[in-house]
Amino acid sequence: MRRRRTMAVAAAVAAVGACSSPVTVPAGPYAADPVCGEVLQALPGELAGGEERSIGSQSIAGWGEPAITLRCGVDVPGPSTERCITVESGDTSVDWLALEADDDMVPEHARRENGSWTFITYGRVPAVEVVVPTERGGDQPTAVLVDLASAVERTTPERSCIGTDDL
């Protein structure tokens, strides 16, 4: 009797997991970069209270519903006047461009009806993009970036943010 109940619970859990559709966002043009594999292997299994979801493209990760997404291997942004923030976590420091909703660099999949925050690493190769839906970001969407910093640090830093005071 106990074995049947355990099997029934396992089947129910599998059925619920199967109902969740895979995260489908297009792969970045440099998704095949081997460093992206290292980044993906180092990502957390849970992010902002959401469990990791199955994916439908190379070098993509997603968590929860609506999904927070990460794409490794997107176009590396050049020098920019966009707001650049430095996110630190322990000894790790990663610079990110915080894009406005109407910015040309915001990918189509991030242009959501309810809005989202889009961040792209600055000065790192390959570049990493993170999209945080407003429903999941709360008042601190950059908290997600802190949790991703140790994985993203595997990319190679080539430049860093500077402010107008640094010129």
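**Disulfides and paired strands**

Author: Searching the whole structure turns up 2 disulfides. Keep in mind that this is a predicted model.

Reader: Which cysteine is joined to Cys-36, and which parts of the chain does that pair link?

Author: Cys-36 is joined to Cys-72, with an S to S distance of 2.2 Å. The pair links distant parts of the chain, since Cys-36 sits in helix H2 (residues 34-41) and Cys-72 in strand S4, 36 residues apart. Both Cys-36 and Cys-72 are buried. The torsion about their S-S bond is -80°, and the link is left-handed.

Reader: What about the handedness of the disulfide of Cys-84 and Cys-161?

Author: There the torsion about the S-S bond is about -55°, so this disulfide is left-handed. The sulfur atoms of Cys-84 and Cys-161 are 1.6 Å apart. Cys-84 lies in strand S5 (residues 83-89) and Cys-161 in the segment after strand S10 (156-157), so the pair ties together parts that are 77 residues apart in sequence.

Reader: Are Cys-84 and Cys-161 buried or partly exposed?

Author: Buried means under 20% relative accessible area. Cys-161 has 18% relative accessibility and therefore counts as buried, while Cys-84, with a relative accessible area of 27%, is partly exposed. In sequence order, the bonded cysteines pair as 1-2, 3-4.

Reader: Now the strands. Which way do the residues of S9 point?

Author: Side chains in a regular strand alternate between the two faces of the sheet. In S9, Ala-127, Glu-129, Val-131 and Pro-133 point one way, Val-128, Val-130 and Val-132 the other way, and all are buried.

Reader: Which strands are joined to S9 by bridges?

Author: Strand S4 (residues 68-74) is joined to S9 by 5 bridges, and the two run antiparallel. Here Cys-72 comes back into the story, standing opposite Val-128 in S9. S7 also runs antiparallel to S9 (residues 127-133), with 5 bridges between them. In that pairing, Trp-117 has Val-132 as its bridge partner, and Phe-119 has Val-130.

Reader: How many bridges join S6 to S7?

Author: S6 (residues 92-99) and S7 run antiparallel and are joined by 4 bridges; Leu-97, for one, has Ile-120 in S7 as its bridge partner. S7 (residues 116-121) is mostly covered, with 5 of its 6 residues buried.

Reader: Why does Thr-118 count as buried?

Author: Its relative accessibility is 3%, so Thr-118 counts as buried. This residue of S7 has contacts, beyond its neighbours within four places in sequence, that include Leu-97, Val-106, Ala-110 and Val-130.

Technical notes:
Residues are numbered from 1 along each chain as its sequence is written. This is a predicted model: local features need pLDDT of at least 70, side-chain atom pairs count only at pLDDT 80 or more; totals for chains, interfaces and linings use all residues. Side-chain values use heavy atoms; hydrogens and water are left out. Buried means under 20% relative accessible area, exposed over 50%, partly exposed in between (1.4 Å probe, protein chains only). Two strands pair if DSSP finds at least two bridges between them. Contact means heavy atoms within 4.5 Å. A disulfide is a pair of cysteine sulfur atoms within 2.5 Å.
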